[in-house]
Amino acid sequence: DAYLERLGVPQVRLDTTGLARLQAAHLRAVPFHNLLLLANDGVPWTLPSLQRVVDEAIAGVGGNCDRTTPPFAALLRAVGFDAQLAAATVRETGDHFVCIVTIDGRRLLCDVGNGHPYLRPWDLDGPVQQQAFHGWRFYFDPAGANGATLFRTLPDGRLKAVYTVDPTPRDYEDFGPMVTAHYTQAGFGPFLSGLRAVRIEADT
């Protein structure tokens, strides 16, 4: 109840419309940033408990994918969705959390932890899809050459691969080494090289 209050969604529909509403609300209510990684400054790090990251999401703390997607998946399960964590690859294999929700046999990819406005889930079993939001345009190819692949359109019109998805269900604890690497190893990901913070509003 506290989590839904944070999102401003008092009632949940257990269908694709309800899922999209929760995803968009989460992107607006729980910001993306790498402040926790910068504050950690490479010191030893271990994966916090899922309860802790859920509590921080309810408080609106936010953070990278490790502080946004696991609590979102936990919320989806708590309200009745068939939701599982999975991994995507941005730079290093499995270096990004995503969530896969199955509704009426369809697998939907949810991502609330990438700092990009994917306001609606992507259909893992559908055709090539696109979304656009205030100049940001994305394409998702479920049958890409390297697996399901998300692309962003650059200003010159070229497509840049954002990540590929491995839909195999994962437990939260499986991501421990990846999260530790993000917090402690400069160069593993982009997040120890400078400040990144995104607040997505309804129209900005």
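Which residues of helix α4 (residues 50-58) are buried? I looked them up and noted Val53, Val54, Glu56 and Ala57; buried means under 20% relative accessible area with a 1.4 Å probe, protein chains only. They lie on the same side of α4 because they cover an arc of only 160 degrees around the axis, taken from the directions from the helix axis to the C-beta atoms. Helices here are DSSP runs of H or I with at least four residues, and strands are runs of E with at least two, numbered from the N terminus.

I noted that the model is predicted: local features need pLDDT of at least 70 and side-chain atom pairs count only at pLDDT 80 or more, while totals for chains, interfaces and linings use all residues. Residues are numbered from 1 along each chain as its sequence is written, and side-chain values use heavy atoms, with hydrogens and water left out.

I then checked what covers the buried residues of α4, and found α1 (2-7) and α5 (65-79) among the elements. Just after α4, glycine 60 has a positive phi of about 80 degrees.

Next I turned to the strands, which pair if DSSP finds at least two bridges between them. Strands β6 (residues 129-133) and β7 (residues 136-141) run antiparallel and are joined by 5 bridges. Between these strands the hairpin has 2 residues, and histidine 134 takes a positive phi near 45 degrees. I followed tyrosine 139 of β7: glutamine 130 is a bridge partner, and phenylalanine 151 in β8 is another. β7 and β8 (residues 149-153) also run antiparallel, with 4 bridges.

Terms used: Buried < 20%, exposed > 50% of the residue type's maximum accessible area, 1.4 Å probe, protein only. Contact = heavy atoms within 4.5 Å.
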